Amino acid sequence: MGTKAEEAAGGAKTTGLVDHVIDYIYRHVADERLRPGARLPSETTISVTLGVSRPVVREAMRTLAATGLVEMAVGKRATIVPVDGEMLSRVIGNALLTGQADTRNILEMRRGVEITMVALAAERRSDADAAELQKIVREMATKLGNAKRYAELDLQLHARLARATGNPLYTLLIDAFRQLIAASMLEGIERWSASPELKRVQDLHENIVAAVVARDPAAAAGAMAQHFDDALIKILAPIVAGEPAA
C-alpha cells in the first residue's frame, strides 16, 4: 500500500488525465461540428489515441454526462444530447438552497431578461406564435378562479414568448427560471384569486400578447416591465418577504 503522498500524487495524475480527455472531447466536438444525436468516438478509440486507460476515458465521459453534453448507455458510444434548462435550474436551485440567492433575486433577473425577450418576440414572432399566444391568453381569462390551471397557463405563455424570439437561449433561461418559481407563483395566485389583483395580472398578460401580435417591440417591453412591477411582484412579495399565508 502506498503512502498518503503517493496516493495523493496518483489521484492528482488521474485527475489530470481525465481533464486531458475532456479537453480532447471538447475539441473533437468543435472541430467535427457535432450536433445532437452525433456519436463520439468509442472509449477504446479515445484510449488508444490519447494513450490513457479506458477507466480514465470512462470517468471523463461521466463528467461530461453530468454537465449535460453527452448521454451514456451500456454497450453504446456516448451521444451528443440537446441542451435543456435542467442544469441551469439545478445551479440556481443550489444557490437558493444554500442561501446565496432568493426568489426576489430570480424575479429581478427574470425582469431584465424577459423585457428584452418580449421585444424580440414582437419583432420576430410567426403567425403560428401569434395564434398560440392568443389562444393561451384567452384560456387564461376563463381560469381566473382556477389557480392551478392559471399558473400552468402563465408559465406556458412565457415559454411561448421565449420560443417566438427564435433564440434558443431564451427558452433555456425561461425553462430554468419557471421550474424554480412555479410553486411560489401558484401560491401567490391562490392567495389573490378572489381579489381584483388577479384580474389586473390578466389585463397585463393581454396587453403583452396584443403588443407582440401587433409587432410593437416598445409596447411589448413596456407591458412586460409593468407586468413584473405592477403584477407579478405584487403577488409574490409577501412570499419573498417570508410573510405567512393568509
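Predicted model: local features only at pLDDT ≥ 70, side-chain atom pairs only at ≥ 80, totals over all residues.
I started with helix α2 (residues 43-50), where the buried residues turned out to be E43, I46, S47 and L50. For "buried" I used under 20% relative accessible area, with over 50% as exposed and partly exposed in between (1.4 Å probe, protein chains only). Helices here are DSSP runs (H or I, at least four residues), strands are E runs of at least two, and both are numbered from the N terminus. Looking down the axis of α2, I saw its buried residues fall within an arc of 100 degrees, so they line one face of the helix. That arc is taken from the directions from the helix axis to the C-beta atoms. Just after α2, G51 has a positive phi of about 70 degrees.

Residues are numbered from 1 along each chain as its sequence is written, and side-chain values use heavy atoms, with hydrogens and water left out.

Next I checked α3. How far apart are the end C-alpha atoms of helix α3 (residues 54-66)? They are 18 Å apart, which agrees with the 18 Å that its 13 residues should span at 1.5 Å a residue. The expected span is 1.5 Å times one less than the number of residues. V56, V57, A60, M61 and L64 are buried in α3. Down the axis of α3, the buried residues fall within an arc of 140 degrees, so they line one face of this helix too. Just after α3, G68 takes a positive phi of about 90 degrees.

Then I went for the largest pocket, which holds about 220 Å³ of space. A pocket is an open set of points on a 1 Å grid over the protein atoms alone, where a 1.4 Å probe fits, with protein on both sides within 12 Å along at least five of seven lines; lining residues have an atom within 4 Å of a point. The volume is the space filled by probe spheres set on the points, which are joined across faces, edges and corners. Of its 13 lining residues, E43, A73, K76, R77 and A78 are the closest to the centre. At least two lining residues come from each of α2, α3, β1 (70-73) and β2 (76-80).

Last, I looked up P36, in the loop between α1 (4-32) and α2. Leaving out residues up to four places away in sequence, P36 touches I80, V81 and P82 (contact means heavy atoms within 4.5 Å). The C-alpha atoms of P36 and V83 are separated by 8.6 Å, although the two are 47 residues apart along the chain.
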